[in-house]
Structures are given as C-alpha cells and as structure tokens.
Amino acid sequence: MGWHKKVLRVNLTTGSCTPEPLNMEWAAEYLGQRGLATKYLLEEIDPKVDPLSPDNKMIFATGPLTGTAASTSARYSVITKGALTNAIACSNSGGYFGAELKFAGWDMIIFEGKAASPVYLHISDDHAELLPADDLWGKSVWETDEILHQRHQDPRLRISAIGVSGEKGVLYACIVNDLHRAAGRSGVGTVMGSKNLKAIAVRGTQGVQVKDPVRFMQAVGEKKQVLADNAVTGQGLPTYGTQVLMNVINEVGALPTNNARDVQFEGASNISGEAMHEPRGSENKPNLVTNQACFGCTIACGRISRVDKEHYTVKNRPEYWNASGGLEYEAAWSLGADTGVDDLDALTFANFVCNEQGYDPITFGATIAAAMELYEMGLITDEETGGIPLKFGSAEALTKMAELVGKAEGFGKTLGMGSKRLCEKYGHPELSMSVKGQEFPAYDPRGIQGMGLTYATSNRGACHLRSYTVASEILGIPEKTDPLATEGKAGLVKAFQDATAAVDSTGLCLFTTFAWSLDDFQPQVDAACEGEWTLERLSELGERIWNMERQFNMAAGFTGKDDTLPKRLRKEAAKTGPAKGKVNGLKVMLPEYYQLRGWDEKGVPTAETLQRLGL
Amino acid sequence: MMRSLTISPDKCTGCLQCEMACSYENEGVFNPVKSRIKVFVFEQEGRHVPYTCTQCADAWCQNACPTEAIQINAQTGAKEVNEGLCVGCKVCTIACPFGTVNYNQATGKVIKCDLCGGDPACAKACPTQAITYQDANWTGYDKMRSWADKTNTQATAQA
C-alpha cells in the first residue's frame, strides 16, 4: 500500500512500453522516489556511462505518499546520470504531474535507449504508448503543453516536457511540468533531450490506497496543523515564498554577489520577497499576483507573478503578459545578486524564459556571472557576445542572454556549457563557482560555514537541498548554531543529509522540515506503507541512500579530491558584513565529516560501514 | 440553524486538499476524479476557483428526476441522491445549470455534494478557509464586514 507496486519500462530504442512489478525487496530497503530509483539506476547502468549516450537510463519516480492526502504529496524525482556533472543526478519537482502519474497507477517510469526520431509518451491509466513528436521538436515547454492539451482534448492532462534548450544540448536543461515546476538541476532535461523524448503526458483515474486509512488521516490532520502553526511554514513561506530569505541572507553577509566576489548586494531589497508585494510599473500593481500550492500542499510557497507590460523585456510582446511562475529565492539570487542586476521585472522575465525553454536558472545565473567576470578581464569580447556588453549589473545582458541560451543560439551556445566548461575554455577554471561541475546556490559558505561542507560533499554537485544547514545556522531550526563557526558542523551536515535523503524518498516536500522532523513523517509513512516503518528504519534509510549515491559517484570516477570548494571561498575573505575577514573552513570540517560517516581519510566508505548499512 | 458551503476563491491556493478529502470521505480512496468538489486553475491569471453544488432551494436536479431519487435532507438542506432509486438516466446532469451533478461510470448512478451529512470534509481539509461552512442566512457576513471596515468613517462620531 502507498505503492501501486507497478513500474512502466519504456524502451525508446525498440518503442516498447512494458509494465513490470516493483521490486518490493528494494522498496523495503529504499522506500521510494530518490532512494528506490537510485537503487534501480545503480543496478541497471554502469556508472561510467556517458550521460548522453543511449546506455544511460532516466527514471521518473514517485514516493509511496505521492498523491495521498498528506500535505505536500506532490513530489516526484528524476534520477539519472547528470549531463552537467557526470555524477548521480536526482532532481525533485512538485506541481501536479507526480500525483497524476500515481493516479494512473504507476510508481515509476524507467526510460532506456534512444528513440530514432522525436517521441512523447502518452499515459492514460494502464495504457501507455509512444507517439511521434516531430511536430513538437523545436517548440518551447509552453507551446508543447498547449499543443498536447489540444490534441488529446483533455484539460486535465498533466504534462512534463523539455524545451529547445534540452533538445539542443544546453548542459543544464530541466524537465518542466505544469508550465513552471521543474526537475531543475544537473541537466536531467539534457539527458531527456539526448533520448529524443520531448514530453510525457499523463492522465490517471485510479487513485491511491494506503494501508490504514483511518490512522493515516488522523496523522495527516495532526501534521497539517503542525505546518499551519509554524512561523516559517504557516506564515513566512505562504506570504513571501522562499524569497522571504533575500533580505535575511544579505544582512548576515552570505549573499554571493558579482560571481561571489562579494557577500552582500546593494540592490538586495529591490529584488526581495517584500519588493514583490510593492505596487510598481505602468499599472501600479505588485509583481506578485498570488501564491500557489503544488498538489496537496498546505504551505503554498509558490509565486505567481507578472512582468509589467511596459517593461522593456515584454513591451509589445503579449505572449509574456500572462501570470506565470514567479521568482523563488534561488533564482532571484542567481539572476539578480550574482549578476549584480536589481531590476525585479528583468529577473522575472528571465525566470519566465527559463521555464518556457526549460533550463536551470541557478546554473544559468552563476554561468553568466562567471562570464561577466571574464568579460571584465577582457577575455570575452563584444565580438563573441554579438555586441552585447556582459557587464555586471546589466539587466539587458541578462535578459538577452537568457533568450539566447533558451534557443542555444549565438553566445547562448557557449553559456549553455555551464560555468565549469566556460571558465576552462577561457583559461580560468577557478572562476567557476561550482563543485563536481554544478554551481552552488544562494548561500555564501564564508558567511554560513556549514554550507561549505554541504556543497563540497553533495553527491549531485553543489546544492542547498542536500543538507540545508541554513535552517540551523540562520533560522535556528531545530536549534541555533553559529553560522561563522566550524565546530559541530560535520555532525550537523551528516544529520541533515541523512534525514533529507529519507524525506526525498517519501513523496513529500523537503520544505515541511522547517516544521517537521522525521518523527512527524514516521506516523504518516507507517500508516500508509506495508510493513513497520519505525523512526530507526527511516534514519538508517537516509544514511544508506547517501552512501549508495557515494558508491555510484566513486564508481563513476569521483574521489575525495572532488569534495572541495572553489578557491575563492577558501582563500578570498569576505569583505563586508558579519563574516568580514572569513574564508570557509572546509579543511577543518571535512576530516571530521569523513570520520563521522565511517569513511577512510580519502573519503571512501569502509567495508564495515557498507556492511552495517547492507550495501 | 441551517448552514451553507461558502467559497472564497481569492483565498484558494489550488492545493486540492478539498478534492482529496471529498473522495476519501465518500469513496474511501484518494482520487480527485471521484471528488464532488472541483478546483479550477486559471493558469494565465493566477486564479484558483473551487466549485461545487450550492444546494438550490428549488432544485433543478430534483425537479427533473423522474424517479424522485433526489431528496432533501431535512436537517442540512442538502439535495441527496438515493442510490436505490437512481436509475442513472442523467436527466439531472442536463437540468443542473451549474454542472455540479455528474454521472459515475463505476456505479451507474449520479453523484453530487451531500454536505457530508452536515460536516463537510472539504471545508475541514481546506488550509486557507477558502471553503467554509457557515450560517445559511449570513453567507455574506464576512464580506459585508470587510467592506464595512473599508468605509471612510471617523473613529469618533461628531456631536
């Protein structure tokens, strides 16, 4: 129960769609979604595979609680070997698509091989088939969504698609569902494009069953109340979204600015959650139209925004006048602070284009920021950029390049490589703010020390969603730690990593963890799923998943030497704010972290550790 | 006191908790397809609108039914479908001007909101009070109050 115990295996090479039973022995060890799909991937592919070859596989995975009445039950993940990173990739998305896949009766879809010409997968309950997508190739995510809704004459069809960037090999393409929710990072959309798979359209009418409905509904009701009563999930996130953080993180001196040369941004308040509420522009209306929930979510942090009709980006372009997915904190930071741009409408427009053409705004913003630094050094010329000066603070450079990356045209092709390959091309690899090929997001590890260890050890490359120690170091959840201290951070990071891996395997959203601990997940999981799901079992599950992902990366060729940070964060001290004079203390934290993990001094899990976790 | 479901679309976030609660209460499954209340998302305007039966006093569905399968619950005022009498002719689905009575393939009967016998699950599940269950004579009370609050009156009456 919770699971349908059914997997759809789609072989794109032969064009077959075959149902098969979910491996319930693995489900007992790995639960669902992130954990279970990573297990499948590790068993089925050679981690050394070229991520863009037909031998790579791509798994869309729900969790056992996806599509139930539990709050935030929208989540699904895409698990594959990442195009951007060559490491394990696991990108999580909300919206309505994941729950619909579950309602159609499937726990997972495994894609293998490569289609000879463009196709899309259409699922209507048990019936799944690959259909030609030649006419969709070259269309944006938004156009694809509209065409498929019309073609199938079904307003309740839920669609997940790639845009032109994913077709053309931009290495940080996303998979976008429901127009503006995305499995965003590590280039999972690039992998989808390499398989000639344009979209998945799903409609389900079968619903979801749980083991003990009465006990489940009681637990769900209690836990919804916990979310409602919490200051972050009950007030901060519904009102300001994740953008509640912009001013906070700027004040603590941890807002990477101008490619992380600085840790505070003068224009931060202009691009903050508060600014999104302020009337502005030709109609004197706020940028924010409303907040929006994903399926089942009682928090509703999502932003729906509008660009002002007279703003230079959309003037006489009515196709961009509608309301759509607005700025989340990470995107507002990458497109804004990191590039030095404080024009809220320009950022909102760039974010629309990221959704429309399906690519990751975090990596895009950090890549254009690196390009701006290379331009300042005279290494990138106006000739290469098509005459657009790539200056820090230039909204025009940002929005023009956003459109070029979306179509992989002009200098957009070069920016589509991501910052690591870009900076290598121009002879300055140290200017890429990335770990394992993936750019770090909106928290500067000089001002929030735990985030340095988080980025360095994240299995999917630098990421905030693998161990969000900001919760403890800044917000005091579950308890306050000093953001400038390194002591105790190794244990904090490990605890957050393990708990997060478990949460990401349930089908529920990580944002609940501002209010919930594993204690709050446990009664919901236990009432929904077969077997007895104790707190101990959930904790061990998370640690097992973390080590399994590490095994994947080690087999792919990564070593402990890749657990590092860009030189700038280790050598160049913060110039202003509370962290002034500080660098990140990774070298102090890392050995302790390895020890706590039960790994040797080179970062390799010991035989005892693997045996203890049943790996 | 009779009560009515009152819907405030401006408070709806589109989470569909109401649809899940309705399908669970009435069908024992988590399945929005089986919900008697529906949330419509008007994506390009950022609007979310929950919609269900408003329990007309003089109900088209009831008047149209040839087998008298739609009956009034005296306590709640809900127009309820008596499944024993319903023959699945769907005339009520044509008669209802709002589309809130629908045919259920699985049972061969029609389904509509019955106010859960006076304790509607959708209202209880709604996290933002977009759906409430209020005094049927005063469903406009909160809206009146908010407009009263906006009238330009002095805090202290002039002598």
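A:Ser472 is located in helix H19 (residues 470-473) of chain A, helices being DSSP runs of H or I with at least four residues and strands DSSP runs of E with at least two, numbered from the N terminus. The model is predicted: local features require pLDDT of at least 70 and side-chain atom pairs pLDDT 80 or more, whereas totals for chains, interfaces and linings use all residues. Residues are numbered from 1 along each chain as its sequence is written, chains are lettered from A and ligands numbered from 1 in the order in which they are written, and side-chain values use heavy atoms, with hydrogens and water left out.

- A:Ser472 counts as buried because its relative accessibility is 1%; buried denotes under 20% relative accessible area, exposed over 50%, and partly exposed the range in between (1.4 Å probe, protein chains only).
- Leaving aside residues up to four places away in sequence, A:Ser472 touches A:Ile477, A:Glu479, A:Lys480, A:Thr481, A:Leu492 and A:Phe496, where contact means heavy atoms within 4.5 Å.
- A:Pro238 belongs to helix H8 (residues 231-240) of chain A.
- With residues up to four places away again not counted, the contacts of A:Pro238 include A:Asn291, A:Ile299 and A:Arg303.

**Interface between chain B and chain A**

- Chain B contributes 23 residues to the contact and chain A contributes 38 residues.
- About 2,300 Å² is buried between the two chains, with 55% given by carbon and sulfur atoms; buried area is the accessible area (1.4 Å probe) that two parts lose on being put together, summed over both.
- B:Gln17, B:Phe30 and B:Glu43 account for 27% of the area that chain B buries against chain A, more than any other three residues.
- Zero salt bridges are counted between chain B and chain A, a salt bridge being a side-chain nitrogen of Lys or Arg within 4 Å of a carboxyl oxygen of Asp or Glu.
- On the side of chain B that touches chain A, helix H1 (17-27) and strand S2 (38-42) of chain B are the elements that give two or more residues.
- H1(B) provides the largest share of that side, namely four residues.

**Salt bridges**

- Over all chains, the count comes to 44 salt bridges.
- A:Glu20 forms a salt bridge with A:Arg9, their closest N and O atoms being 2.8 Å apart; A:Glu20 lies in strand S2 (residues 16-21) of chain A and A:Arg9 in strand S1 (residues 6-11) of chain A.
- A:Glu20 counts as partly exposed because its relative accessibility is 23%, whereas A:Arg9, at 15%, counts as buried.
- A network of salt bridges links A:Arg9, A:Glu20, A:Glu44, A:Lys57 and A:Glu112.
- A:Lys198 and A:Glu167 form a salt bridge with closest N and O atoms 2.6 Å apart, and both residues are buried.
- A:Arg466 and A:Asp504 meet in a salt bridge at 3.9 Å, N to O; both are buried.

**Aromatic pairs**

- The whole structure holds 23 aromatic pairs over all chains; rings of Phe, Tyr and Trp (its six-membered ring) pair if their centres lie within 6.5 Å, with planes under 30 degrees apart counted as stacked, over 60 as edge-to-face and the rest as tilted.
- A:Tyr593 and A:Trp599 form an edge-to-face pair, at 5.7 Å centre to centre and 90° between the planes, and both residues are buried.
- One aromatic cluster is formed by A:Tyr329, A:Tyr443, A:Tyr468, A:Phe511 and A:Phe514.
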